[in-house]
Amino acid sequence: MLLVVTYSQAARQTLRNACSSHEGTVVRRFGRAALFEETELGALLALRLREKHGGDVQVERTEPFNEFADAPAAVREAAAAYEARDAPSTPYPKFAAGTEHPSPERLRDREL
């Protein structure tokens, strides 16, 4: 998908118009940003916005995150256990201390 982020009022208005005119190409809208399908029409809309508004429009390519293929089982299990914790105010470092769950330092140093 193509992520289009706008940084000016004029660019946001053009983005809104593009999204309204090409709903089939828009995957999702987020106010000042939108995800376009990764098609040539999606690229045309994104590049047209950047051509018209220059640096007020940022275009990035995104990849879907597949939690089962991209995240190790230990991370998925830690996330599930942390969300099921007894005390919602317990921060993750305290929750993970002394358990088999990875520490925040370990998580921070490892790339997916």
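Strand 2 (26-29) and strand 3 (residues 33-36) run antiparallel and are joined by three bridges. Strands here are DSSP runs of E of at least two residues, and helices are runs of H or I of at least four residues, both numbered from the N terminus. Two strands count as paired if DSSP finds at least two bridges between them. This is a predicted model, in which local features need pLDDT of at least 70, side-chain atom pairs need pLDDT 80 or more, and totals for chains, interfaces and linings use all residues. Residues are numbered from 1 along each chain as its sequence is written, and side-chain values use heavy atoms, without hydrogens and water.

| Pair | Sense | Bridges | Bridge partners |
|---|---|---|---|
| Strand 2 and strand 3 | antiparallel | three | V26 and F36 |
| Strand 1 and strand 4 | antiparallel | five | L2 and R61 |

Together, the four strands form an open sheet in the order 2-3-1-4. Strand 2 and strand 4 are its edges, each pairing on one side only. From one strand to the next, the twist averages 20°.

Strand 1 (residues 2-6) is largely enclosed by the rest of the structure, because four of its five residues are buried (under 20% relative accessible area, 1.4 Å probe, protein chains only).

Helix 1 (residues 9-21) lies across strands 1, 2, 3 and 4, at about 35° to strand 3. Helix 2 (residues 40-53) packs on the sheet and touches strand 1, strand 3 and strand 4; its direction makes about 150° with that of strand 4. Contact means heavy atoms within 4.5 Å. Angles run from 0 to 180 degrees between N-to-C directions, with axes fitted to C-alpha atoms, for helices over the stretch in contact.

Notes. Buried means under 20% relative accessible area, exposed over 50%, partly exposed in between (1.4 Å probe, protein chains only).
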